Amino acid sequence: MISEVIPTLLHSVPVDDTWITFDVNSFTQNFWSSTFDGLTFGAIYALVALGYTLVYGVLNLINFAHSEVFITGCYGVFFTLSALNFGPSAPRLAFWAIVGNLVLALIVAIIASALMAVIVERVAYKPLRQRKAPRLAFLITAIGVSFAIQYTIYWWRGPSPEAALTMFRPLPIFDVFGTIIDSQQVVIVVAAIILMIATDQFIRRSKTGRGIRAVAQDPDTATLMGVNKERIIVTTFIIGGILAGAAALFYVMKIPSGVQYNGGFILGVKAFAAAVLGGIGNVRGALLGGLLIGLIGNYGQVLLGSSQWTDVVAFVVLVLVLIVRPEGVLGSSLGKSKA
Amino acid sequence: MSEAIEPDIDVDALKEQGVDLEVAEKVAPERDIVTKVGEALVQVQDLTVKFGGLTALDNVSFDINRGEILGLIGPNGAGKTTCFNAMTGVYKPTSGKVMLEGQLLNGLPQHRITRRGLARTFQNIRLFGEMTALENVVVGLDARHRTSVGGALLRLPTHVREEKTAIERGMALLEFVGIADHAHFLSRHLPYGYQRRLEIARALATDPKVLCLDEPAAGFNPAEKEELMALIRTIRDDGYTVLLIEHDMKLVMGVTDRIVVLEFGKKIADAVPKIIRDDPKVISAYLGEPEDDLA
Amino acid sequence: MSTTDGPTLIPDDSSAQEIADREAKMRRRKGWFPGLSDKWNALPRQTQWLFLIIVVVIAYLLPILNPPLITTEPGNNWQIALAQMSVYALIAVGLNVVVGYAGLLDLGYVAFFALGSYTAAMFTSPDSPYVHIPYLWTLPLAMAVAMFFGVVLGVPTLRLRGDYLAIVTLGFGEIVRILATIIPAMKGQVGFQNVGHPPGTDSAGQTIFQNSNGTPWYWLTLTIIIVVLLAAGNLERSRVGRAWIAIREDEDAAEIMGVPTFKYKVWAFAIGASVGGLSGALFAGQVGFVNNQKFDIATSILFVAAVVMGGTGNKVGAILGGALVAYIPLRFTAIAEFKYLIFGAALVIIMIFRPGGLLPARQSLLAYGRLAYNKLRGTNGDIPASGKVVLQSGKGADK
């Protein structure tokens, strides 16, 4: 029997190879547009990745619920802008009126995300810390919280995405190699980079930042040196929440119909991959990793012809990075970054 | 062997405690009989460990001779534990060699180093908390077992034999360190002193040629320290070679045959305890940092 | 660097009885039915066997008994519900090896389940253009395929810290679902109809293993569970089980004590994956239809919830947890819609308040340790301070 089966088995392997095709033509044609688009996505990933990296640096924990912190911000943006009568088509408002509305949405998103981050920390992680629970317990709790929040949203808002919201009509700004860079891309990338530089400086220069680095390096010694560990942990979660809230605004700006109960989850995996790629615990690494994941994912998508490939490519990159250079491109951890 | 110091505690005291003096027979009947006492068993050659720009260990060389108790001492931060970790494979040395019976240990995975015959205990006790005392010891014994997944699944005769002798030997080892009556308790529920003894039993279970003890007396009162010294001597008398890192000078002076002193990652002395006691460099190393004696 | 517990400072003169009390107290705090495992362990071997036989007989009779109140009818067919519960129980037993024993969090276990399902479907369904083999052959094949991917995924990630495994497996779970959608050979949402089943017809000439009849599938899966349990028990009480628990407790210390940690982590991951593949193949056969809709990450989290609810590390608890995770939505159809919310929240609540789960039993890691322990327990009060134990060498190994 076996002698019959094996040759037939071999024969039946699909050789026509239709499931993966490399569309090089489309890739060269769309190279610059997918680059700029990739950088825009990358900036959003980077902001979310910072939240993972900071918490990982301080608590050595993958905060799976961070994707829900992010999606909470997205809902904050959605509800604020809905209340302000934004709809599927771009609003007919004066420039400053739009800016004012978006800033309001940003503030709501930041508050919502930061609040959610603190709630998650206090409700889920703090009790475990007090009990000195094993690492596995933290991870299981993290994934449990993530799912509980996701499906609370599902229960409340249903499975389908929220109605699309257009914030403004992207205006062409630059022309690079025959490809238009629009105002939306510029706003997202510039704002994200400013936020990240601010975070970086905050962690390097401020007293709280020193505390964060001290706890990241050695929690016990930091406590002995008078650092209030609990306060630092909450602050870290708040910073992560603020950045996730900002990322939420840009995300809704970029993908108007992306507000969905599990929208954060998939983005979260990519953002975490970005954090690992740049070097987990490394603030600058998060930026680099985010941009790289954005680019690689977009190139993969154009080359392979389906948006589904973005996730596959991001995942394969994550695994490759872990094999080749598990400490990430920029390596060093939060505690070791110099003042 | 270098001139031995008269033991402060004699064998009778051990017998009173019920320590079985021929434990090595039960623990590892097949182990090599020590033949050439005094010959270098472990050679540490020009061992250097750097962390970034910091040189934690600088060109340290010493031998551990067969059948001796070698003390490794030095003030805080002198590089004792770093040296220990570099020898047992926890850190990769920047340069230099560690050899056991003439074979290079550098670059081997830690579990291989253990199987070659270098076992250790931990300064901050690291037992498997959710396992009983006996199971902890049997994990050590497993280092010498051959069967794995296949043998266990099919309950092959070799596996059955190994399991049975593991329990006998495990109990014998617990008896040797004096905690056999606590074999069935989870190790994290054991009293502190028992945990330390259990660590020694677990390390002995891997049937080492050299037993490395990292501050085994930390947190002990003087009486417990005396008992520990006796135990260490018995271990040596059974044919094991012992490397001892210790803070407590009295204990080190009382039990070791030879002492290597580190300061700022460098070796500053290597001699019998009598000489070390009067070595001006060693004295200044310790007096320079008087807090250490309090520790 | 490590923030693990230091040693508990217990004075050395505390008696054995005091320690025993402390242990009992700790266990009470950990789980819901703490006394159960103590009582069980205190029973003589024969009583244990007798009790087990009764439980197994009842388990086999369940589809016929159809006990009122417990039954899932009229909402769901009881026999099919049992078949699904048994598949979930098997999944939980497999995942328990990874999460419970070795302490590795595998969040993409559904991927191995999917690999098993697709293996069974693609080699038996008439919708598949490839070679067809008898259904029962796909069971070992599914195990092999899942194990292969387990090793491929495990080797790069298991060298790293445990957290990376969680995120990589999470990604892997998602990828398998996406690939099932975009690879034409896996037929996306259309899927494979009429997946094969074991051979055999009853006296009336009817096929025994029908998709609409859960009973034979339940019996088949139950039998497989018993075999897997025995195998898991053998592994648990051996060097392998000890290595896993040692890795879970303190990986660095385990490595230094001579445990080849990487090797045993890969083993745990591969064994877990193969059981996942096996259960996937059984599931595919019972349902008879496989497409890309059944293997999302949320299902993976249900599997983890099954292990955690049952009591991490306890294989009997895993069966209970797995069966419950399948049973609750089928029995209480009104809350079925919220099952992910319920079990997600359950994970958090259990981890915070009762980390031991329903049955927080401790593994027995020594094949012949029972006698040695019982002797010690029996003579608790009057052990001489010398520590000399009545147990003579040679006798401890008797069984």
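**Confidence, interface and core of the predicted complex**

Chain C averages a pLDDT of 83, and 86% of the residues score at least 70. Residues 1-8 of chain C fall below 50, with eight contacts beyond near neighbours in sequence. For the complex, the predictor gives an ipTM of 0.84 and a pTM of 0.86.

Residues are numbered from 1 along each chain as its sequence is written, and chains are lettered from A and ligands numbered from 1 in the order in which they are written. Local features need pLDDT of at least 70, side-chain atom pairs count only at pLDDT 80 or more, and totals for chains, interfaces and linings use all residues.

Contacts link 41 residues of chain A with 41 residues of chain C. Elements giving two or more residues to the chain A side include α1 (2-11), α5 (95-131) and α13 (309-324). Helices are DSSP runs (H or I, at least four residues), numbered from the N terminus. α6(A) gives the most, with 14 residues.

The largest nonpolar core has 329 residues. Such a core is a set of buried Ala, Val, Leu, Ile, Met, Phe, Trp, Tyr and Cys residues joined through C-beta atoms within 7 Å; buried means 20 or more other C-beta atoms within 10 Å of a residue's own. A:Ala46, A:Leu47 and C:Val304 have the most contacts inside this core. C:Val304 touches residues of both chains, among them A:Ile140, A:Ile143 and C:Leu95.

Conventions
Two residues are in contact if their C-beta atoms, placed from the backbone, lie within 7 Å. A residue is buried if 20 or more other C-beta atoms lie within 10 Å of its own, exposed if 12 or fewer, and partly exposed in between; C-beta atoms are placed from the backbone. pLDDT is the predictor's confidence in each residue, from 0 to 100. Lists of a residue's contacts leave out its neighbours within four places in sequence.
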